[in-house]
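Dear colleague,

I am handing over the structure below, and I would be grateful if you could look through it before reading my notes.

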Amino acid sequence: MTFMQKPKVSHSKLPRNELGLSIRDYEGSMSTLCAGCGHDSVTAALIQAIWELSIEPHLIVKMSGIGCSSKTPAYFVEGAHGINAVHGRMPSIATGANAANRNLYYIGISGDGDSLSIGLGQFAHALRRNVNMLYLIENNGVYGLTKGQFSASADVGSKAKKGAVNNQPPIDPILLALTLGAGFVGRGFSGDKDQLVPLIKAGILHNGFALLDVLSPCVTFNDHEDSTKSYAHTRRFDRPAVRTDFVPRKTPIQTVCEGGEAIPVELHDGSTIVLRKVSKDYNPVNRDEAYRYVQEHQKGGEIVTGLLYINEDQQEFHALNDTVSGALRDLPYAELCPGSAILEEIQHLYR
Amino acid sequence: MLAPPLRERLLKPTDVSHPDHFHRVVDCQWACPAHTDVPEYIRLIAQGRFTDAYLLNRESNVFPGILGRVCDRPCEPACRRGRVDEKPVAICRLKRVTADLKGEIAHRLPPVPTQKNGKRIACIGAGCASLTVANDLLPLGYAITIFEKQHEPGGLMRTNIPAFRLPTEVLSEEIHLITERGVELLLNTPITSMKALLERGFDAVFVGSGAPRGKNLEIPGRYSDPMHVHIGIDWLESVAFGHITAIGRKVLIIGAGNTAMDCCRTSLRLGATDVKVMARKPLTLLKASDWEMEEAMEESIEIIPCHAPRDFVLADNRIQGMNFDIVEYHEQDGKLRSSTLDSSFFPADDIILAIGQENAFPWIERDIGLEFDQQDVPRVDRGTMQSTRAGVFFGGDAAFGPENIIWAVEHGHQAAISIHKYCRGEDISVRPPIAMNLTSTKMGIHEWSYSNSFDTSMRRKVPHVSLTERFKDIKIEVEMGFTPEQTRVEVERCLNCDIQTVFFASKCIECDACIDVCPTACLTLAVNGEEDDLRGRLKAPANNHKQLLFVSEPLTQTGRVMVKDEDQCVHCGLCAERCPTAAWDMQKSLVKIPYAFDGQSGPGSESRQSGR
């Protein structure tokens, strides 16, 4: 926890994005998480990605539930909209907000407790409905706010700080999301921003539910030798399966695609992500193969990272439900609220 | 594995054990010829410890009251604050604050032993260089004799710097602090023969006679009206001693260095109403310090660039003015070349030549083993200050031509070290080493023993006596010094560059916390590379090659290196604050500059020993 405020001064030659803003303009308030918390690095990666995408702050909605991870929205893009929901209930709020205004960028920040324990049902259904949002899980395997009990993502055999051993099998959000039919599944590591920033950018621009599971070590309760979610352990067993390059709109992708086995995937807004296989037998556009690959490596204790599966052709929430094309607030009042006579008619249909 | 040639080009881990590494980080102290511990004295001012701050200054620069007014301030262009938000900390003006507000100090100077050590040292000229030598050698028991041709000590500080910039009381006070501690000061005693002096049996001789000869301008009409064409430094001297009290209404100053600025402003105080400074070069290339030009312009003096003097215009042997060539400059083969566009006449009653000065030694015989180079300048060693004749040392403008007061002081310190070694039969080329101490400033959780919040205030401007008042008497000092409120704000602008970010690679877990929190994007965890490549991969552009990169040992988890670009670090300490493993610490560096009197108790010795 830091009481010192980050001074207003910044590097005099800090670059500006398309909107003329510097990266400092995308910061939030000072983090009160533990010094060295992986979540703060995720925050920095989010700031970097959003700044690089030149998104206007007021077009962003940041949402969270309860937990250390759920404090994150306070720490980035001060000028964005935001809501701190009840524990595990962020997906419902995000679904509702997205239903009302589809023109904003929705970024949900959750944790392994918030998403895989109390909020598992909510998480699964937001995913199934393919709500257009980036759903980022800051995954550290412990309940940090309640002093470090195992969470639902703790690995079998992993030891707590005081020596207790976890015997329950973990829920892996990647395998779960692949099973549930997600169109964008990726895993990153808070200690590797070169990998994480393009993943976040792609996730924000993906048309539909983008799941990003980010290993984010708890420096206070889960960064010891027998932990399987520590900085050292994650670095040792991190197996990037695919590298992701983000190519903004209007940039010729040929330069990026030269040589190697590269798969370009065009995103909804015209930008492209170029996927480069690190492992030869990996296919990020085939759900079954992705599932098999991740599961096989998991048996050996390896952590597969990268943009593990992508499918840009799945219909998202609004298309599935055939909703109106714009935001509800842009509808003329008479259309938005057609009056009791129309309501009567509709109710009659169900009698 | 990398191929060996590439591996060799990777940046080596920075050697922070070398005292120069952290010394360089303190830009002001590194830039100061005498290495004044600027951040520490600013901190002492902030704590209201003005006497301590004065003594800390005096230890390195000997004349804080004088230098706090008229120093050339090499520290300020170097100040990091100037890179971060345009204007440097007003270091020089804060130095004056210490002199203005100090208490009794005489009892805190190193004691001068009553029992002398039997060695006699002669100093020629009672200027800043000789006085520094005396200051450093007195506590060691040397008998110092200073020969001065004028009737008052001070050298160019008294003769060339007008009283409205440097009041005589301030000057005399700091000179007396040295001369009244047992120096034999022989006034009105010019040395006319070095040979004769050497025969008087001194154990060492120090020449601090300055650069007393103003350069002349040999163009037509120069000698036709000698009463109205003056050599700048001679004229200033005559004004200082009251021999000249008036000048014509229209005055032209030829040249645009700091002497020219003193001449033009002095003219205004002697009755001139129309003063123009005529410069050969364009405005951007003038030698005068920016602030001295600003102050001249504040007094409505016109600085006219690109005018090269052609001839003096006379009528009946009386100066009427001067003709100038109007020139234009362009660069050709890396050299500045001029071409004449036109010419122009400027009327004048008096003309002052301020085009430079040089050292001159008509009184040194050329057959005594003291060599001169082709420019007739004595050969002096930059490190030891010794001439080619053993036991004869030079310093100040006498050594290498005109520099400035703070350089003269540093020459004096080095010469004193050499003289002390020479008199003990030691090898003077072996210089005492500079040392470095580091002390953690961590006081507890979230607590550091320095003021680390960044103050966004802009540089304070020293108030001046109003334009209606200041010309009434040449002795009215124009600058009034900082008010207490201004001082309070200005001290907080200092970025505490001496509170160093010290990195322990073995403790780092590469969590990125420091990098994420750094407000000025100084830190990067990167795969090592060649310098140019690495500079291009840092978080913020590292284009200031004058600032070295810090490169750590390879880190344990990934083998990457921690790189710090010192250029815009504001030493806020957030990296250390956010580090979970204390791999970063904020440590106060203390550069221990050696002096001849080291080991004697005295000025600032408490501060030096306590490791503040």
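Predicted model: local features only at pLDDT ≥ 70, side-chain atom pairs only at ≥ 80, totals over all residues.

To begin with chain A, its fold contains 12 helices and 13 strands. With a radius of gyration of 21 Å, close to the 20 Å that the globule rule gives for 351 residues, chain A is as compact as a globular protein of that length. Its C-alpha trace spans about 65 × 50 × 50 Å along the principal axes, and 46% of the 351 residues are buried. If one takes the contacts in chain A between residues at least 6 apart in sequence, 70% of them join residues at least 24 apart.

Turning to the cores, the largest nonpolar core has 144 residues, and those with the most contacts inside it are Ala134(B), Leu137(B), Phe206(B) and Ile419(B). Helix α18 of chain B, residues 405–423, provides the largest share of this core, with 10 residues. Beyond its neighbours within four places in sequence, Ile419(B) is in contact with Ile121(B), Val133(B), Leu137(B), Ala204(B), Phe206(B) and Phe393(B).

As for where the two chains meet, the contact takes 25 residues from chain A and 29 residues from chain B. On the side of chain A, α1 (38–52) and α7 (231–237) each supply at least two residues, and α1(A) gives the most, with 4 residues. The residues on this side of chain A comprise 11 nonpolar, 8 polar and 6 charged.

With best wishes

Conventions. Residues numbered from 1 in each chain as written. Chains lettered and ligands numbered in written order. Core = buried A, V, L, I, M, F, W, Y, C linked by C-beta atoms within 7 Å. Buried ≥ 20, exposed ≤ 12 C-beta atoms within 10 Å, placed from the backbone. Contact = placed C-beta atoms within 7 Å. Rg over C-alpha atoms; globule rule 2.2 N^0.38 Å. Nonpolar A, V, L, I, M, F, W, Y, C, P; charged D, E, K, R; others polar.
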